[in-house]
Amino acid sequence: MTKNDIQKFAVEISRLGSARVNGAYQALYSEEPTNMKDAAERLANSVVFGSVTMDEIRCSTPIQGGLPVHSPSHNVPSETPAVKALEATVGRSMNTALEANNLALNVKQGLSDLANRVSTVADMAIEADTKLTKLERSINQKLGEVKGEVDPDALQLQVAKAVADTFAPFKQAATVEAMTVVADLAGVYVTETKSVREVFGVDVRNAKGDIVTVDIWNHPNAPAIDPNFIWTAPILKHLLLSQDTGEHLWFGGEKGTGKSETAKQFAARTGRNYVRINFHKYTSAEDYLGAVGLVNGETVFQPKDFLIAYTAPSTVILLDEVTNADAGELAPLNGFLEPNSAVSYGGAVRRKANGVLVFAADNTFGNGDDSGRYVGTRPQNSALIDRFSRVVSFTYLPMKDEIDAVVRHTKCSEDLARHVLKAIHVARSKVTSGDIVDAPSIRSVVGFIRALAMLSVQDAWQCTVVNRQPAESHAALASVYAACIDANFIQNNI
């Protein structure tokens, strides 16, 4: 935020008229403004820092009463070097203090998992706001007393001391843990930018043929990198586009095609926080957004996983198996998924933190399922799906990439991986004809090869491939085993 932002809002607020400005000022600060210029600037500060919106100011009840354009009680030349130095110093000091206050409020809103340890932050934030008001009055009073030349350096030291003294009780009252939380929030940022090839091992180019880069964050809770995960350029292009635009993605496709792991490993490779929220038939909005509860004997709103992650910089949020939930319980997400959203929820305005990405994943592309393969999934409201800019289709990897993935995960030979995968591909082809209900995934292949360390080839096939399927698929899978699996070959290649 810059001084130009504040000035822009101040001009717009001044155009609303003195009665409207007077009403908004008294509603927000519980006191009468001294003049129109100061009132507009203070309200603009509050808009920039999220305490109030322009719509709320426009809708405030007008209060008649003459507001002078400038304060009549001071006769200070506004263009003197002394006043300019004072105004610049005051602006820097007030911005620093307001940023500290806003950061404390973010701690209150976004960190319910540490609520017991930072419960005093909310009270301190209120106290800090009161002290800000008093500090502003004191500095405005000093502004009117400036006469002659003033040493800017000495003036800056005096104002800095005043700010420090005002917030000393706030600093002393904060617990070590609460201050650590604030430091953690402030310390999450993009540390560097690298080429996609350097980070993912895949050469990705944009539509013009230029090399694409990816932001690297420094979140301390980023998941561990799986060096065996296989990346493909088509999927990475969607993820990188969302990094640049903030757009949400819907992942759809068969089970075992890597939807959930893609979101997790993207967070891992880019140093982001990762939160996976699993949905089921009885998931309610309170389960993932939050609800009112008791904390230290007081009734307060306690945010849950989505709200916490939504306000935490860099976080990748995965709404997994989202079509299991009732469409009505997912409706509150619509506001949060709007571009540049600011949603009032739980007594506070919630804004998406810098770098937050929201992905949804399901097997039915949001359409539900009547085949019985994905029992319990439901068609979703088109308004929700419309919030996701792109619906990305996940399919099984090409044979050569699946062989690579199996070898990486099991350390088996390429020949063994190819032999088993050929049988699995035959089984997948029988899904189309209806002989097999569910297509075996790469998880079945990995499980089969790992089971060979203790089980016979036939037993391993039975428990990792056949038993996963409904009874009507067992005969077809037995025929696949008989036609495609060579037990002697497998035994010789373990």
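Me: In which helix does L421 lie, and is L421 buried or exposed?
Reply: In this predicted model, L421 lies in helix α18. Residues under 20% relative accessible area count as buried. The relative accessibility of L421 is 0%, so L421 counts as buried.

Me: Which residues does L421 touch, not counting residues up to four places away in sequence?
Reply: Leaving aside residues up to four places away in sequence, L421 has contacts with M399, E402, I403, V406 and V445. As for where these partners belong, M399, E402, I403 and V406 are among the residues of α17 that make the contact with α18, while V445 is one of the α19 residues in the contact with α17. The residues touched by L421 are therefore M399, E402, I403, V406 and V445.

Me: How far apart in space are L421 and C484, C-alpha to C-alpha?
Reply: Along the sequence, L421 and C484 are separated by 63 residues. In space, their C-alpha to C-alpha distance is 9.8 Å.

Me: How many charged residues does the contact of α17 with α18 have?
Reply: On the α17 side, the contact is made by M399, E402, I403, V406 and V407, and on the α18 side by E414, A417, R418, L421, K422, H425 and R428. Sorted by class, this contact has 6 nonpolar residues and 1 polar residue, and the number of charged residues is 5.

Me: At what angle do α17 and α19 pack, and what is the hand of their crossing?
Reply: The axes of α17 and α19 are 10 Å apart, and the two helices pack at an angle of about 40°. They are therefore oblique to each other. The angle is about 40°, and the crossing is right-handed.

Me: Which residues of α19 make the contact with α17?
Reply: From α17, the contact is made by E402, A405, V406, H409 and T410. By class, the contact of the two helices has 6 nonpolar, 2 polar and 2 charged residues. The α19 residues are I442, V445, V446, I449 and R450.

Me: Which element gives the most to the largest nonpolar core?
Reply: The largest nonpolar core has 30 residues, and V406, F448, I449 and W461 are those with the most contacts inside it. Two or more residues each come from α17, α18, α19, α20 (457-466) and α21 (474-484). With 7 residues, the element that gives the most is α18.

Me: Which residues does F448 touch, not counting residues up to four places away in sequence?
Reply: F448 is among the residues with the most contacts inside the largest nonpolar core. Beyond four places in sequence, the contacts of F448 are with V420, V457, A460, W461, T464 and I490.

Me: What is the phi of N296, and is N296 buried or exposed?
Reply: Most residues other than glycine have a negative phi. N296, which lies in the loop between β5 (290-295) and β6 (298-303), has a positive value, near 55°. With a relative accessible area of 55%, N296 is exposed.

Terms used. Residues are numbered from 1 along each chain as its sequence is written. This is a predicted model: local features need pLDDT of at least 70, side-chain atom pairs count only at pLDDT 80 or more; totals for chains, interfaces and linings use all residues. Side-chain values use heavy atoms; hydrogens and water are left out. A nonpolar core is a set of buried Ala, Val, Leu, Ile, Met, Phe, Trp, Tyr and Cys residues joined through side-chain atoms within 4.5 Å. Buried means under 20% relative accessible area, exposed over 50%, partly exposed in between (1.4 Å probe, protein chains only). Helices (H or I, at least four residues) and strands (E, at least two) are DSSP runs, numbered from the N terminus. Contact means heavy atoms within 4.5 Å. Axes are lines fitted to C-alpha atoms, for helices over the stretch in contact, and angles run from 0 to 180 degrees between N-to-C directions. Angles under 35 degrees count as roughly parallel, over 145 as roughly antiparallel, 65 to 115 as roughly perpendicular and the rest as oblique. A crossing is left-handed if the near helix is turned anticlockwise from the far one by less than a right angle, and right-handed if clockwise. Ala, Val, Leu, Ile, Met, Phe, Trp, Tyr, Cys and Pro count as nonpolar, Asp, Glu, Lys and Arg as charged, and the others, Gly among them, as polar.
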